[in-house]
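Thanks for coming, everyone. I'd like to walk you through one model today, so let me put it up on the screen.

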Amino acid sequence: MHPDTDRLARWLLGSLQLDTAVLHVGQYCGRWRASTAGRELGSFHLVLDGHCYLHLDGAAPVALGPRDGVFLLRDLPHFLSPHSDPLQAASAQAMLPLLAPTDSPATALACGFFQFRGALSALIVDSFPPYLLIRGDAPAFSAAAALFDLILLEAGGDPEQPSPLIARLVELLFFYLIRHVAQGEQVAAGLLSLLHQPAFSPLLERMLDAPADDWSIENMAKAACMSRASFCKHFASASGHSPAQFLLLLRMKIAARRLHDGVSVERAAELVGYRSHAAFTRAFKRVTGEQPGAYRRDQRQRQLAS
């Protein structure tokens, strides 16, 4: 793997702030239909055993088998059913416990929701496709089998009151998937696509290493070996942001991470190139919606509570 790709993958994992809630863990049998759409949240479905189909508006059905999973990063209209024909799906029905006897083939699922905290997490997520698949029989996901095993060990009992540990295991599985996607080519226009542009990956590496440097548009264009006009055009096309917007978002993400790690507001501002406390505060609030001091206090409270 290219060292720049590995660096960015690790940076992404350290930057995402995720809250996960498992809605239910159990099994369906016969004719059934299940969906997590309509809550304005990201959601997931993990197939613990059996088979089913994912139905998305305007797309062919996606077959899912044991240890397969889908993470819908946006609230997409969708449902799962045991039939490839969406017209064969029945209405929603109650989920049975995993160990309940059934008189027909069953599909065991873990389903729930997740959301990303902060505008900066949303910036990263927008670099990915609307949904991501994990395939249990793919060599790239072989290590994920252990997480499915642990989820199965924790499952059982009331489908509507799953073990809270399952949510943490799902988060690990999601981060494992994110790392895999970040190392590949299947990315939409956004943060990740810059890495796969030979002209921009060295620039991104230097910006990550030295966010406080003078990153004027001229200096960014020079680092990318482009004219100013060509750089602005191609950078915006690849990232979805102007160079100045991208620099601001990147600096505030790094500053947020430093505040999370406990550095002072003044030091965080200095590390990303701000000498004016007021200017840094305005920039940070514009991107994150919070004052840097309040953000730092909130992060410390979260750490103490966890």
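**Salt bridges, then the rest**

Let's start with Glu-218, which counts as partly exposed at 42% relative accessibility. By that I mean between two cut-offs: buried is under 20% relative accessible area and exposed is over 50%, with a 1.4 Å probe and protein chains only. Quick housekeeping: this is a predicted model, where local features need pLDDT of at least 70 and side-chain atom pairs count only at pLDDT 80 or more, while totals for chains, interfaces and linings use all residues. Residues are numbered from 1 along each chain as its sequence is written, and side-chain values use heavy atoms, leaving out hydrogens and water.

So who does Glu-218 pair with? Its salt-bridge partner is Arg-228, with the closest N and O atoms 2.8 Å apart. For a salt bridge I need a side-chain nitrogen of Lys or Arg within 4 Å of a carboxyl oxygen of Asp or Glu. The pair links distant parts of the chain, Glu-218 in helix H7 and Arg-228 in helix H8, ten residues apart. Helices here are DSSP runs of H or I with at least four residues, strands are runs of E with at least two, and both are numbered from the N terminus. Arg-228 is partly exposed too, at 43%.

In the loop between H7 (217–223) and H8 sits Cys-225. Its phi is near 60°, a positive value in a residue other than glycine. As a reminder, most residues other than glycine have a negative phi. Cys-225 is exposed, at 72% relative accessible area.

The salt-bridge count comes to five. Another one joins Asp-149 and Arg-67, at 2.7 Å, N to O. Those two are 82 residues apart, Asp-149 in helix H3 and Arg-67 in the loop between E4 and E5. Asp-149 is partly exposed at 35%, and Arg-67 at 26%. Arg-67 also has a positive phi, about 65°, although it is not a glycine.

Then there's Arg-267 with Glu-270, where the closest N and O are 3.0 Å apart. Both lie in helix H10 (residues 265–271), three residues apart, about one turn of the helix.

Which residues of H3 are buried? Leu-147, Phe-148 and Ile-151 are, in a helix that spans residues 145–154. Seen down the axis of H3, the buried residues fall within an arc of 100°, so they line one face of the helix; the arc is taken from the directions from the helix axis to the C-beta atoms. Just after H3, Gly-156 takes a positive phi of about 120°.

On to the rings. The count is 14 aromatic pairs, where rings of Phe, Tyr and Trp (its six-membered ring) pair if their centres lie within 6.5 Å, with planes under 30 degrees apart called stacked, over 60 edge-to-face and the rest tilted. Phe-235 and Phe-246 are edge-to-face, 5.3 Å centre to centre with 75° between the planes. Phe-235 is in H8 and Phe-246 in helix H9, and both are buried. Ring pairs also link Phe-44, Phe-71, Phe-114, Phe-174 and Phe-175 into a cluster.

Last, the sheet. Five strands form an open antiparallel sheet in the order E1-E7-E2-E5-E8, with strands pairing if DSSP finds at least two bridges between them. E1 and E8 are the edge strands, each pairing on one side only.
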